[in-house]
Amino acid sequence: MKIAVIGTGYVGLVSGICYAELGHAVVCVDKDPYKIATLQSGGIPIYEPGLEELSRKGVAAGKLRYTHDLAEAVRGTDLVIIAVGTPPLPSGQADLSYIDAAAAEIADALTGYAIVAVKSTVPVGTNERVRDLIRARTDVPFDSVSLPEFLREGSAVRDTLEPDRVVIGADSPAAAERIAELHRPLTKQVMLTDIRSAEMLKYASNAFLATKISFINEIANICEKVGADVAEVAAGMGLDRRIGTAFLNAGIGYGGSCFPKDTRALIQIAGHVEYEFKLLRSVVEVNQDQRMRIVRKLEAIFGGELRGKTVAVWGLSFKPNTDDVRESPALEIIRHLVDSGVVVRAYDPIATPSFRGLFGDGGVVWCDGALEAARGADALCLLTEWEEFARTDLHGLQETMRQPILIDGRNVFKEEDLAGTAFVYYSIGRPS
Ligand code: UGA
């Protein structure tokens, strides 16, 4: 198939590169000249394991190219995939202006029949809106398909090449079948449905996963008070196949560019049809409170006064294996610490530059290594479970710190790891 992918964010770039890996002729389009220049020169503008190699491979095989010329990419193509951003407006509602602009440009560029698929996460009705926008500008025939994306950052390539399922929402059986054929080499689970259900299903999936996280975080908060261990509780719950073990890791809450945005957007979508999504409102509220629990623990340890303390922070990205810091809990936690007069010494294996770009520099000492960050610290907060943190020599760490206080926001360490050290250890949902 000839495929044009509009937007080289996580979703567009990973999908485009993976379709090329499957042997299709792919053109990825972006308006951002920096991104296109980076991609054309063999780099990738994001950190995603395995992606750069696949991109180079696709380009070398003549299956993949990058351009900022949307019209040229769309001309004569079989499939146009819209994968532009839908960032939140101040109300929480998804901003569809990039989708609308892409639809208009696609309409003006279509020369013959094509399938126009939307991969961006969009509110119910958006595919119809795109169809109407295109129809209003051109007589060229086309079909609309909703093709929601379920990849995770950090494991995006694997998630795309070995997905649990592919969902295709379409009202043309022929178009649905062509898109199904495109994905059958990847999975047996290709689900065909109507456009609105496909759009809704994506939000419902993210909202459900966010609910699982807030649920286990509340159980963790109760565990701390009743002397139970949330890791044991989650493990036992997960043995019931109806519950499953995934997404039951208690911690400082979810972040990233998807769950916070999509939960708020779904609350808005419900509101527009005069339905109050009470459960999801609570999920969002619990997540907000969860971030601050680390700060409350620190305050309790230091008798309510944080001014003048030095606190080391390990991990800035919203999860491991990514440099993405959008809605990372670390942003709010470090902001609060700095505003309370704490000197923060921060380290992340990958995400420090992107974090500094969003956060600024005031009050934070940026460190090149985990032990360096811990030097002279009165306490250490672990906020992202990067693998290297789990391998820390805790005796060496203890020597480096002024006070051996460890607050593990991701439950990376176990009781036995700390045996023989002087660490005062706090985690989430486990007896301390
Ligand atoms: C999420 C979904 O998992 C993907 O299926 C979806 O395609 C994507 O959003 C999207 O809508 O584009 P992602 O945001 O990359 O993917 O990251 P996740 O691995 O889902 O983690 C999200 C957050 O939840 C992270 O901050 C993580 O630390 C947190 N989390 C996850 C927990 O606190 N506990 C868990 O048990 C699992």
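Thr86 has its place in the loop between β4 (79-82) and α5 (97-109), where helices (H or I, at least four residues) and strands (E, at least two) are DSSP runs numbered from the N terminus. The model is a predicted one, in which local features need pLDDT of at least 70 and side-chain atom pairs count only at pLDDT 80 or more, while totals for chains, interfaces and linings use all residues. Residues are numbered from 1 along each chain as its sequence is written.

**Exercise 1.** Determine whether Thr86 counts as buried or exposed, and state which residues it touches.

*Solution.* Step one is the neighbour count: because Thr86 has 21 C-beta neighbours inside 10 Å, it counts as buried (20 or more other C-beta atoms within 10 Å of its own make a residue buried, 12 or fewer exposed, and values in between partly exposed, with C-beta atoms placed from the backbone).

**Exercise 2.** Describe the shell around the ligand, and explain why it lies between domain 1 and domain 2.

*Solution.* First, 21 residues surround the ligand, the closest being Glu153, Asn249, Tyr254, Gly256 and Cys258 (a residue is near a molecule if its C-beta atom, placed from the backbone, lies within 6 Å of it). The elements that give two or more residues to this shell are α9 (195-226) and α11 (259-272), and the largest share, three residues, comes from α9. By class, the shell divides into 10 nonpolar, six polar and five charged residues. Finally, domain 1 (2-193) and domain 2 (203-282) both give residues to the shell, so it lies between them; the bounds come from an automatic or database domain assignment. The centres of the two domains, taken over C-alpha atoms, are separated by 29 Å, and 10 residues of domain 1 are in contact with nine residues of domain 2.

**Exercise 3.** Work out which residues of helix α3 are buried and what covers them.

*Solution.* The buried residues of α3 (residues 51-60) are Leu54, Ser55 and Gly58. Seen down the axis of α3, these buried residues fall within an arc of 100°, so they line one face of the helix (the arc is that of the directions from the helix axis to the C-beta atoms). The face turned away from the buried side carries the exposed residues Glu53 and Ala60. What covers the buried residues includes α1 (10-21), α2 (33-40), β3 (64-67) and α7 (156-161). After α3 comes Gly62, whose phi is positive, near 75°.

Notes. Nonpolar A, V, L, I, M, F, W, Y, C, P; charged D, E, K, R; others polar. Contact = placed C-beta atoms within 7 Å.
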